[in-house]
Amino acid sequence: MEQQGIQHQGIQWFPGHMAKTRRKISESLKLIDIVVEIIDARIPLSSRNPEIDSLISGKPRIILLNKADTADEEQNRRWIGHYKEQGIFALAVDCKTGKGLNAFLPLCKKALAEKIAAWEAKGMKGRRIKILVVGIPNVGKSSFINRMVRNSKAKVADKPGVTRGNQWFTLERDAELLDTPGVLWPKFEDQIVGERLAFTGAVKDSILDSETIALKLLAMLIAEYPALLESRYKLEGVSALSSVQLLETIARKRGMLISGGEADFERASVMVLDEFRGGKLGRITLEVLRD
Ligand code: G4P
């Protein structure tokens with residue numbers, strides 16, 4: 001990992017690149033009051049940066065479980081509870097439609113309540129909260145910024161000198177959002193993380209082929225969500241099948257055959273992955289919190 005760059009969603013991460021990102025984030029931290037860490041609700045562990053705590057060095061933070069529309073609702077609730085136990089406010093949102101985002105600014109204010117009270121005590125009433133968005137590629141950072149800007153009909157305020165070219169979007173009266181998100185790297189060195197990012201499509205130039213990814217995904221779904229598979233593909237007894245048997249059954253059911261009448265595993269794999277990523281299998285969380 002230290003020797004070579006790692007390709008991730010079109011970004012070539014070299015150790016030097018990571019150092020630069022670290023530096024940029026620490027510069028941005030001086031300008032802001034709160035960090036919004038966006039993660040993918042379907043893979044709340046794998047979609048986080050392994051060094052996030054030290055990167056944001058004690059700044060107040062909110063976690064947005066984005067793409068919550070595609071994740072298991074019960075799991076969304078549990079993950080929010082889990083972060084709350086760690087003293088971090090979290091919110092389940094869907095930045096594609098904007099669902100859940102109304103609660104975002106009130107939650108920022110809650111997380112910064114002491115700081116806001118201190119500002120007011122110093123006569124800085126109405127001081128704007130300054131927000132920085134961070135997250136690994138493809139979690140929805142741009143979608144979030146676009147949504148917030150559209151919702152608030154935000155104005156772009158350029159403050160050269162003060163922010164060295166950074167632009168701020170004014171959200172409502174009392175909050176400002178830095179227009180450039182901090183793009184973080186995932187935990188590359190962990191193979192499981194790589195697989196899970198491949199399931200969601202976050203890693204597009206995956207070293208794994210579609211069939212390998214689909215079989216690994218199906219193995220997880222057989223264990224955790226057999227009923228959703230049964231309902232989507234009109235099957236029974238999915239729990240008794242291996243992932244290869246299931247993929248073959250799905251291919252046959254959908255008429256995906258190659259010459260000689262054999263199941264077309266490649267086509268079926270691409271379809272299963274597309275359906276999972278598009279939410280067609282139902283609401284699924286791949287990293288679950290149990291009782
Ligand atoms: P990034 O800046 O963090 O890299 O992520 P970006 O906003 O570009 O979002 C990555 C993909 O995730 C986009 O899909 C986006 O539409 C989708 N997305 C973002 N937020 C949500 C959400 O809350 N729910 C769902 N279901 N999807 C979300 P895409 O396929 O790259 O583009 P498109 O399908 O929107 O054209």
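Here are some notes on the ligand's surroundings and on one arginine.

1. First, the ground rules: this is a predicted model, where local features need pLDDT of at least 70 and side-chain atom pairs count only at pLDDT 80 or more, while totals for chains, interfaces and linings use all residues. Residues are numbered from 1 along each chain as its sequence is written, and side-chain values use heavy atoms, with hydrogens and water left out.

2. Now look at ligand oxygen atoms. A polar side-chain atom of Lys-141 sits 2.7 Å from one, for Ser-142 the distance is 2.5 Å, and for Ser-143 it is 2.6 Å. On its own the ligand has 700 Å² of accessible area, and the protein covers 63% of that (Shrake-Rupley method, 1.4 Å probe).

3. Next, find Arg-48 in the loop between β3 (34–40) and α2 (52–55) (strands are DSSP runs of E, at least two residues). Is Arg-48 buried or exposed? Its relative accessible area is 17%, so Arg-48 is buried (under 20%; exposed would be over 50%).

4. Leaving aside neighbours within four places in sequence, Arg-48 is in contact with residues including Glu-37, Arg-61, Tyr-83 and Lys-187 (heavy atoms within 4.5 Å).

Terms used
Polar contact = N/O pair within 3.5 Å; in protein donor to acceptor, adjacent residues only side chain to side chain. Helix = DSSP H or I, 4+ residues; strand = E, 2+ residues; numbered from the N terminus. Buried < 20%, exposed > 50% of the residue type's maximum accessible area, 1.4 Å probe, protein only.
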